[in-house]
Amino acid sequence: MQELNFTKYAFRFKNSENKVSIFDSIRKKFVILQPEEWVRQHCIQFLIQEKNVPQSLINVEKELIINGLKKRYDIVVYNPDGSICIVVECKSAKIPITQTTFDQIARYNLKLNATYLMVTNGLNHYYCQMDFINKRYQFLKDIPNYSL
């Protein structure tokens, strides 16, 4: 897999039927290693190891309904009260981050109401803080460390 713009993390892999899987510590199972999954697993470790997010407050790849359509978010970080702190959209390293990517996460956030947004393709990371009053996001250099 391609080297990404994250710290090097230790991962568990297994090979079965000529398919490589990576262990997802949030879902507690091995998942097929695709380019987007490689980015997602790095991002999960970034949140846990660099941003001090408790593993128990991270949710991965869950369905949500937006305008009657089924969508799946990549990563959500909850606050202890159940509100959502961060929504993360992961793309494969081969996919450039464009306005369309930001539009996608902004649509998700209309339903999720997260304070922070993160968009990454593993090479480029973008962080935003929501301005709910003016209905827009403000770019940040980084997301703050998680605190309870």
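Which residue of strand 3 does D24 stand opposite? In this predicted model, D24 stands opposite K29 in strand 3. The legends below start with that hairpin and then move to other parts of the chain.

**Figure 1. The hairpin of strand 2 and strand 3.** Strand 2 and strand 3 (residues 29-32) are antiparallel partners, joined over 4 bridges. D24 and K29 face each other across this pairing. The hairpin has 4 residues between the strands, and K28 takes a positive phi near 55 degrees.

**Figure 2. The hairpin of strand 1 and strand 2.** Strand 2 (residues 19-24) also pairs with strand 1, in the antiparallel sense and over 4 bridges. Here K14 stands opposite S21 in strand 2. In this hairpin there are 2 residues between the strands, and E17 has a positive phi near 50 degrees.

**Figure 3. The surroundings of F23.** The ring of F23 pairs with the ring of F30: the centres are 5.2 Å apart and the planes meet at 65 degrees. The angle is over 60 degrees, so the pair counts as edge-to-face. F30 has a relative accessibility of 25%, which makes this residue partly exposed. The ring of F23 also has a charge over it, as the charged end of R12 sits 4.3 Å from the ring centre.

Figure 4. The structure holds 10 aromatic pairs. One of them is formed by F11 and W38, which are tilted, with 5.5 Å from centre to centre and 50 degrees between the planes. F11 belongs to the segment before strand 1 (13-16) and W38 to helix 1, so the pair ties together parts that are 27 residues apart in sequence. Both residues of the pair are buried. Y9, F11, F13 and W38 make up one aromatic cluster.

**Figure 5. The largest nonpolar core.** In soluble globular proteins, nonpolar side chains tend to be buried together. The largest nonpolar core of this model has 31 residues, of which F46, L47, I58, I75, V77, I86 and V88 touch the most other members. At least two residues come from each of helix 1 (35-50), strand 4 (58-66), strand 5 (69-78), strand 6 (84-90) and strand 7 (116-120). Helix 1 gives the most, with 7 residues. If neighbours within four places in sequence are left aside, I58 is in contact with I26, L47, I48, V53, I75, V76 and V77. A second, separate core has 16 residues, including I66, V76, L112 and V119.

Figure 6. How many strands form the open sheet, and in what order? There are 6 strands, in the order 4-5-6-7-8-9, and their pairing is mixed. Strand 4 and strand 9 (136-140) are the edge strands, each pairing on one side only. From one strand to the next, the twist averages 35 degrees. Helix 2 (residues 99-112) lies across strand 4, strand 5, strand 6, strand 7, strand 8 and strand 9, and runs at about 150 degrees to strand 6.

**Figure 7. Strand 8 and strand 9.** Strand 8 (residues 125-131) pairs with strand 9 in the antiparallel sense, over 5 bridges. Among the paired residues are D131 and R136, the latter being the bridge partner in strand 9. Strand 9 is an edge strand of the sheet.

Note on methods. Residues numbered from 1 in each chain as written. Predicted model: local features only at pLDDT ≥ 70, side-chain atom pairs only at ≥ 80, totals over all residues. Heavy atoms only, no water. Core = buried A, V, L, I, M, F, W, Y, C linked by side-chain atoms within 4.5 Å. Buried < 20%, exposed > 50% of the residue type's maximum accessible area, 1.4 Å probe, protein only. Contact = heavy atoms within 4.5 Å. Phe/Tyr/Trp six-rings, centres within 6.5 Å; stacked < 30°, edge-to-face > 60°. Lys NZ or Arg CZ within 6 Å of the ring centre and 35° of its normal. Pairing = 2+ DSSP bridges. Axes fitted to C-alpha atoms, helices over the stretch in contact; angles between N-to-C directions.
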